[in-house]
Amino acid sequence: MERLRTAIDCLPLATREAMLAGLRANERIIAGAYVDDAGGVCPMLAAHRAGGRTDLLSFARSWDRFTRTRAGARAATEREVRILTTQLEDSLMSANGLELDVAIKEHRELIRARRRTRRRLPDEADPSGEILARRLRRPSLRRFLGDNPAPQNDRRVLSPVSTLG
């Protein structure tokens with residue numbers, strides 16, 4: 001039963017609430033399969049139909065291990081359903097707001113907020129005051145030759161074309 005409780009506590013809060021509502025709404029809860037031919041549903045499908053859109057394989061395995069279902073679907077006993085319901089209620093009562101799903105939701109909201117602020121232009125991109133512009137100067141010869149103050153002693157003609165003139 002300890003593994004079942006751990007699996008329940010790992011479910012998001014909304015899924016636990018939906019599973020409890022699904023258990024109360026469905027007459028036939030089963031173990032060993034997702035659905036059966038008689039209209040029975042497993043607790044995860046009951047949660048899914050009640051709005052808890054989580055798929056947690058560890059819960060399904062824990063439920064089947066708890067009910068000792070080896071092969072094929074069977075109806076869960078009243079005792080098994082009552083224990084599951086009690087464990088869900090206890091888990092919901094002991095939830096203190098520090099649940100993993102709350103942390104994930106807050107993290108995703110922070111990421112969305114950060115993306116929204118990145119899409120907007122920063123305040124500096126739209127100045128409200130006077131726009132000042134500098135006039136660009138021609139690049140100086142010094143920039144092309146470099147800033148080397150050494151004297152140029154080599155007076156060779158660089159191009160034979162210029163001497164033909």
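Q: What is the hand of the crossing of H4 and H5, left-handed or right-handed?
A: In this predicted model, the crossing of H4 and H5 is right-handed. The axes of the two helices come within 11 Å and cross at roughly 140 degrees.

Q: How many nonpolar, polar and charged residues does the contact of H4 with H5 have?
A: There are 5 nonpolar residues, no polar residues and 1 charged residue in the contact of H4 with H5. Glu counts as charged, whereas Phe, Trp, Ile and Leu count as nonpolar.

Q: Which residues make the contact of H1 and H5?
A: H1 contributes Leu4, Arg5, Ile8 and Asp9, while H5 contributes Leu84, Gln87, Leu88, Asp90, Ser91 and Ser94. By class, the residues of this contact divide into 4 nonpolar, 3 polar and 3 charged.

Q: How do you know that the buried residues of H1 line one face of the helix?
A: Leu4, Arg5, Ala7 and Ile8 are buried in H1, which spans residues 2-10. Seen down the axis of H1, these buried residues fall within an arc of 160 degrees, so they line one face. The face turned away from the buried side carries Glu2, Arg3 and Cys10, which are exposed.

Q: Against which helices do the buried residues of H1 pack?
A: The buried residues of H1 pack against H2 (13-25), H4 (57-66) and H5 (78-94).

Q: What is the hand of the crossing of H2 and H5, left-handed or right-handed?
A: The crossing of H2 and H5 is left-handed. These helices pack at an angle of about 145 degrees, with their axes 10 Å apart. From H2, Leu13, Arg16, Glu17, Met19, Leu20, Leu23 and Arg24 meet Leu84, Thr85, Leu88, Glu89, Ser91 and Leu92 of H5. This contact has 7 nonpolar, 2 polar and 4 charged residues.

Q: Why does Arg68 count as exposed?
A: The relative accessibility of Arg68 is 70%. The cut-off for exposed is over 50%, and Arg68 therefore counts as exposed. Arg68 lies in the loop between H4 and strand E2 (74-75). Phi of Arg68 is near 55 degrees, a positive value in a residue other than glycine.

Q: What makes Ala75 partly exposed?
A: The relative accessibility of Ala75 is 34%. Buried means under 20% and exposed over 50%, so Ala75 counts as partly exposed. The residue is in strand E2. Not counting residues up to four places away in sequence, Ala75 touches Arg28, Ile29 and Ile30. Ala75 and Cys42 are 9.2 Å apart in space, C-alpha to C-alpha, and 33 residues apart in sequence.

Q: Why is Thr54 called partly exposed?
A: Thr54 has a relative accessible area of 22%. Buried requires a value under 20%, and exposed one over 50%, so Thr54 is partly exposed. Thr54 is found in the loop between helix H3 (43-49) and H4. Thr54 touches Pro12, Thr15 and Met44, not counting residues up to four places away in sequence. Thr54 and Thr15 are 39 residues apart in sequence and 6.5 Å apart in space, C-alpha to C-alpha.

Q: How many helices and strands does the secondary structure of the protein come to?
A: The secondary structure comes to 7 helices and 2 strands. From the N terminus on, the elements run α-α-β-α-α-β-α-α-α.

Q: What share of the contacts in the protein between residues at least 6 apart in sequence join residues at least 24 apart?
A: Of these contacts, 67% join residues at least 24 apart. Buried residues make up 25% of the 165 residues in the protein.

Definitions and conventions
Residues are numbered from 1 along each chain as its sequence is written. This is a predicted model: local features need pLDDT of at least 70, side-chain atom pairs count only at pLDDT 80 or more; totals for chains, interfaces and linings use all residues. Side-chain values use heavy atoms; hydrogens and water are left out. Buried means under 20% relative accessible area, exposed over 50%, partly exposed in between (1.4 Å probe, protein chains only). Helices (H or I, at least four residues) and strands (E, at least two) are DSSP runs, numbered from the N terminus. The arc is that of the directions from the helix axis to the C-beta atoms. Contact means heavy atoms within 4.5 Å. Axes are lines fitted to C-alpha atoms, for helices over the stretch in contact, and angles run from 0 to 180 degrees between N-to-C directions. A crossing is left-handed if the near helix is turned anticlockwise from the far one by less than a right angle, and right-handed if clockwise.
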